[in-house]
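Notebook open, structure on screen. I'm jotting down what I looked up, beginning with a pair of helices.

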Amino acid sequence: MKTTGRKMNRRDFLKVSGLVTVGAITGFRRVEASIPTAELALTNGKIITVDSRDSIVEAAAIRSGKIIVVGNREAISKYIGNETKVIDLRGKTVTPGLIDSHAHLPPFGQRENGWFVKLQGLNSKEEIMEALAQKARKTPKGDWISAWGVEDLSLSYLDKDDLDRVTKEHPMLAVHTTGQWGFANSLALRRAGIGRDTMAPPGSKVEMNPFKKEPTGLLLHYPALDLIRKHMPVPDDEQAKDAILFAANLYAAEGVTAVHDNFFMLGTPYFHRGYFELIQSGKMPIRIKIWPYFPNFEIASKVFKALFESGELPPASRIKEIILLRKESPGLFASIWGGFKIAVDGVPLWHGRQQGFPMHKTEELLAMMKLFHRADHQVSIHASGDQAVDLILDAIEAALREYPRKDHRHRIEHAISPRLSSLERIRKLGVVVSTHPQFLFAWGDKWGGLKNRTGVIPLKSYIKRGIPLAIGADPPAFPIYQPQVALWEAGARITQKGYHFEPAESISIHEALRIQTMGSAYSGFQEKEIGSIEKEKLADMVVWNQDFYTIPKDQIKDVKALLTIVGGKIVYEKQ
Ligand SMILES: [Zn+2]
């Protein structure tokens, strides 16, 4: 992949099907001395700017990573000089780079590069067992097997006896696609010292068989999964960087130019250092913002103090690295720090249903919310079920009552089907909803209980109320990361088996594109820099093989990126 942009030779540009590099000044006036020369210019296209008037223009010119002019051919001609690379779009469509508001690059990369056994797409227990058995046959005895992506929603879908039938000689953990629960075999439980007397950490559950009084292998929520994970091998620094870069390049190839990573632990493996090093070395093809996850108030307050108040380095601490990085590179730290991530539920917590349970006591949730809120940080909060949404709205409301603060943009992640009565509170409290219409496609058929319910991912209702929205694909939790699927599904609202979720909540492609560009940018306080193609903004844009606005709606999911540009550099070109 070429990331040199300006140094790219002419033949490289010509590889892009349907696009032509005009090279220097062909057909343009020579640039006048006082006008800055563009390094890159796109002409003769349909450039959907997503500016406030939804303008569509023909051309744009870029210099030093920024857009210096947009308009018609004449408007940009005076910026074109001998050194300018001019791409003739031949009518192709360009949009701002898409911004994914919710993803987890390290495990997404590990899912795609073979670190995990990928179970997504396997639709029967037999297929899952066979995939795990295949891995066991290739893995030295005693080594861990780590799998991701069980898609069935039943918490009793697998147990340790199932996994013991695959292998008793490898410790094994198979995590649900959402990452919220997992199943361990007997050897994994033994290695982790989990037995009949194990007390689950707060906010989690180690399920016990009521008759045999021993663990079933089911571990609910991150704290219980961590009992196992702390015994598992973790990627070293190079492997961590490889995973991040692998995922980032997959995104770049789909026209995603910025990602919000709102879940990873500060600590081993050093994913935050991986991010920093990739950005500093210029290898990271896309923009990144991070919202690291904090599992409880004790850790949250210690990290907060060390990071933002005392700056003291606790010896041998898991967070020492990021404190050092903040000291060494304050500018870079500020540019990628999004805020704090917390979670209200894991297994979704619904009003009137038995299954889910909160990750925190209400007082702890409120204490964490207040800690970050009063210090002017943004909080990204996982809340899937409607009761979880209401719990966090209570906490945000209480935090705001004590510390009124404008433009906090605290975000709820997921909000699968909030009570319609909660939407007005979301609006009043100034909360952003980071949502995923594409979930309806891949998971809608499994959400039996949500069919016929009103307000499942209620995009139109949010828009009508003026609630700010962002869209993310949530890989590796969600199997599909391509943003085109979200653009399509925001209108289609159809499941794999053809069930239509409440057509009244459909939105137009114009609205969906705006959410996945300016909306996602707003959710990360980036709307002044990215999200639209306007003068002075960073030059993040994508050339597509089709026009989202004019093709039949069911083809939107199949549109392909031809060229992805981040900060004026070409980070992906279709071969
Ligand atoms: Zn997620």
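**Helix crossing**

Helices here are DSSP runs of H or I, at least four residues, and strands are runs of E, at least two, numbered from the N terminus. The contact (heavy atoms within 4.5 Å) includes L365, L366 and M369 of α13 and L391, I392 and A395 of α14.

The axes of α13 (residues 362–374) and α14 (residues 386–402) come within 9 Å and cross at roughly 45 degrees; I took axes as lines fitted to C-alpha atoms over the stretch in contact, with angles from 0 to 180 degrees between N-to-C directions.

**Source notes**

The model is predicted, so I kept in mind that local features need pLDDT of at least 70 and side-chain atom pairs pLDDT 80 or more, while totals for chains, interfaces and linings use all residues. Numbering runs from 1 along each chain as its sequence is written, and side-chain values use heavy atoms, leaving out hydrogens and water.

**Sheet**

Next I traced an open, mixed sheet of six strands, ordered β10-β11-β12-β13-β15-β14 (pairing needs at least two DSSP bridges). β10 (117–118) and β14 (205–209) each have a single partner strand, so one side of each lacks a neighbour in the sheet. β11 (residues 145–150) runs parallel to β12 (residues 172–176) over five bridges, and A147 has A174 as its bridge partner in β12.

**Salt bridges**

I got 31 salt bridges (Lys or Arg side-chain nitrogen within 4 Å of an Asp or Glu carboxyl oxygen). One I looked up is K241 with E277, 2.9 Å from N to O. K241 is in α8 (residues 237–252) and E277 in α9 (residues 271–280), 36 residues apart.
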